[in-house]
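Okay, thanks for coming, everyone. Let me put the model up and then walk you through the packing.

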Amino acid sequence: VSDFISPFYVQLGDIILYLLFGTLIYTTGIFVYHLHTFQQSRKSLNGKSDGVRSVVRSLFRGNPESQESGDETRADQLWKTVEKEKDSPYGEVFHGLSEEDLKSKQDFVHALEVRVGDMTAQKNQVLSFYNYISITAPTLGFLGTAVGMVAIFDDVGVASAEQLGADLKIALITTVVGLGIRFVGLICKTFLESVQDDLSVVMVNELKEMRA
């Protein structure tokens, strides 16, 4: 069986190396996408809260205009305002708020902090992609090295020392690349989590200012 498989060792090693470089390119693309998404969220926080801020303040200051909506609850008024603002970063935060959450400023802030915390946890779960990459890439790298070593042992006694040294160098490249991808994946995940945490802090601070 080994004599039948041995001609495919080199091709298998090349395939693994291509997979690793493809994984590196894909991971870089996903990182750029996530970074762009977070930057867009940051921009929207800075420029799309005026309407929501005025409504929140009117609700807690007892503005008469906020009481002219008949049977419409304060939560409904708030949600309608968010819906009118395109790409509002607060849509997901205010979704599901009840009148109980609007009883006081303290209840309002507590409910929003819980919502922002849940959103942050959900978005951090998306970043678990980098965990899978940091586990899979080294495994592929070690597999490529193992395949290369088997091919080298098949050539012992046949190939020259220079050729064996070159083959060994190539076999070890897959491990180096796999560990490098693991390092890149962990850095990307750590960096994006810190950016996400910063966004959450900014959002909570903005929400606190709204009800001030």
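**Aromatic pairs and cores**

So, Phe31: at 18% relative accessibility it counts as buried, where buried means under 20% relative accessible area, exposed over 50%, and partly exposed in between, with a 1.4 Å probe and protein chains only. Before I go on, this is a predicted model, where local features need pLDDT of at least 70, side-chain atom pairs count only at pLDDT 80 or more, and totals for chains, interfaces and linings use all residues. Residues are numbered from 1 along each chain as its sequence is written, and side-chain values use heavy atoms, with hydrogens and water left out.

Okay, rings. A search of the whole structure turns up three aromatic pairs; rings of Phe, Tyr and Trp (its six-membered ring) pair if their centres lie within 6.5 Å, and planes under 30 degrees apart are stacked, over 60 edge-to-face, the rest tilted. Phe31 and Phe191 have ring centres 6.1 Å apart and planes at 55 degrees, so that pair is tilted. Phe31 sits in helix H2 and Phe191 in helix H8 (residues 161–210), so the pair ties together parts that are 160 residues apart in sequence. Helices here are DSSP runs of H or I, at least four residues, and strands are runs of E, at least two, numbered from the N terminus. Phe191 itself is partly exposed, at 40% relative accessible area.

Then there's Phe129 with Tyr130, an edge-to-face pair: 5.1 Å centre to centre, 75 degrees between the planes.

Now, which residues have the most contacts inside the largest nonpolar core? They're Leu20, Tyr130, Ile181 and Leu192, in a core of 17 residues. By core I mean buried Ala, Val, Leu, Ile, Met, Phe, Trp, Tyr and Cys joined through side-chain atoms within 4.5 Å. H2, helix H7 (129–155) and H8 are the elements giving it two or more residues. Skip the neighbours within four places in sequence, and Leu20 still touches Ala137, Leu140, Gly141, Thr174, Val177, Gly178 and Ile181, with contact meaning heavy atoms within 4.5 Å. A second, separate core has 14 residues, including Leu78, Tyr90, Leu97 and Ala111.

Last stop, Ser200, over in helix H8. Buried or exposed? Ser200 is buried, at 11% relative accessible area, and leaving aside neighbours within four places in sequence, Ser200 is in contact with Val116 and Thr120.
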